[in-house]
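Please read these notes with the structure open beside you. They are numbered so that each can be checked in turn.

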Amino acid sequence: MSKKSGQRPDTLVVTTGRDPHANFGVVNPPVYHASTILYPNYKSLKERDLPFTYGRRGTPTTAALQTAITAIEGGFNTALTPSGLSGVTTALIAHLRCGDHVLITDSAYGPTRSFCDKMLPRMDIEVSYYDPCIGADIAQMMKPNTKVVFVESPGSNSFEIQDVPAIVAAAHAGGALVIADNTYGAGYYYKPLAHGVDVSVQAVTKYLCGHSDVMMGSITTTEAAWPATIAAHGTIGQSVAPDDAYLVLRGIRTLGARLERHMKTGITLASWLETRPEVQRVLHPALESHPQHALWKRDFTGACGLFSFIMKPCADEALAAFFDTVELYGMGYSWGGYESLIIPQDMMPYRSATSGDFGGQLIRIHAGLEDPADLIEDLDRAFAAFNEVDR
């Protein structure tokens, strides 16, 4: 089904990327496993006039997912990659070349930063990091060879909300395009392209999949940014498995319902944590206590289940007691699935333009789909164990 004019987000995630009447009335797109695509004759082979030419270039299954993500993000077209990180790296490679300069938010996802530090200099691409709260003042960091400004709003783990429209205006005025990591907003609660961004990348692994069983990334662009993006994507050899594409399509159908629950539970947990004497500060953009709450309210239509809080200074033994007591929160990386997660984070290795010292242990929570009351009781028991240790 193609996007219909005026469809609201909850309707869109149910209808987009489906065409039952083209598949014998089957509701969901079928899974096409393919490497070789056969052409009917010599002329067709020579002109490559089929909609699909080779498995790596896509199948009807992956095309359905591309259509769905493009509609959700509000873009021109979408390329799929094997992971969120590969989506970021492919987007950067597509729009940078030897001698260019790129500006990266200091709050970027750690592996994004690692790629920028370890790989881009080998291509003779200069990398500078900027304060995520810089806003329009980023114009002062622009150079004649600045070709890309990378934003991530909210910031990974620290949840700064960036003034993306102001950054976009400065970047475009300086001849650079803007790439956004939009995993938090999932294209549902935040649409970077509507704010002037040129390329929106997601770790589809997270909310679009929603079940912690697929690794995938997406790159959605404007029409102007598409040719360079898809050329790099094909040249590098990126592709995704049709079974994974099917699973993500299935996850997208419940995206609106899941995100609403994740948001409500996350805000409930964050508000409760603000009352705890052990907690120094809660980093959740939907709370009025957040420094950039006004920006979040201006640009976002909601929040997901991810946020952080900072413990007051304490001994590592107390933290161990806290983490070893929780039962409903898994201790593992990633997020966006149905289950709640909790991990400690050290920001010191991932900051250079701003301080990585938050004055206490930063702890990241992903609020899952469990009952919020049970999740609070679990944290309450963990705090009790925490307080039994000499801090």
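What covers the buried residues of H9?

1. The model is predicted, so some thresholds apply: local features need pLDDT of at least 70, side-chain atom pairs count only at pLDDT 80 or more, and totals for chains, interfaces and linings use all residues. Residues are numbered from 1 along each chain as its sequence is written, and side-chain values use heavy atoms, with hydrogens and water left out.

2. The cover of the buried residues of H9 includes helices H1 (9–15), H8 (242–252) and H12 (372–387), together with strands S8 (279–283), S9 (306–311) and S11 (362–366). Helices (H or I, at least four residues) and strands (E, at least two) are DSSP runs, numbered from the N terminus. Among the buried residues of H9 are Leu-255, Leu-259, His-262, Leu-269 and Trp-272. Buried means under 20% relative accessible area, exposed over 50%, and partly exposed in between (1.4 Å probe, protein chains only).

3. The length of helix H9 (residues 255–273) can be checked: its 19 residues, at 1.5 Å a residue, should span 27 Å, and the end C-alpha atoms are 26 Å apart, which agrees. The expected span is 1.5 Å times one less than the number of residues.

4. Ser-218 belongs to strand S7 (residues 217–221). Its relative accessibility is 0%, so Ser-218 counts as buried. Beyond neighbours within four places in sequence, Ser-218 has contacts (heavy atoms within 4.5 Å) that include Ile-69, Thr-78, Leu-80, Ser-200 and Val-204.

5. Met-123 sits in the loop between helix H5 (110–118) and strand S3 (126–130). This residue counts as partly exposed because its relative accessibility is 32%.

6. The whole structure holds 10 aromatic pairs. Rings of Phe, Tyr and Trp (its six-membered ring) pair if their centres lie within 6.5 Å; planes under 30 degrees apart count as stacked, over 60 as edge-to-face and the rest as tilted. Phe-322 lies in helix H11 (residues 316–325) and Phe-383 in helix H12, so the pair ties together parts 61 residues apart in sequence.

7. Phe-322 also pairs with Phe-386, edge-to-face, at 6.5 Å centre to centre and 85° between the planes. This pair links helix H11 to helix H12 across 64 residues. Both Phe-322 and Phe-386 are buried. One aromatic cluster is formed by Trp-272, Phe-322, Phe-323, Phe-383 and Phe-386.
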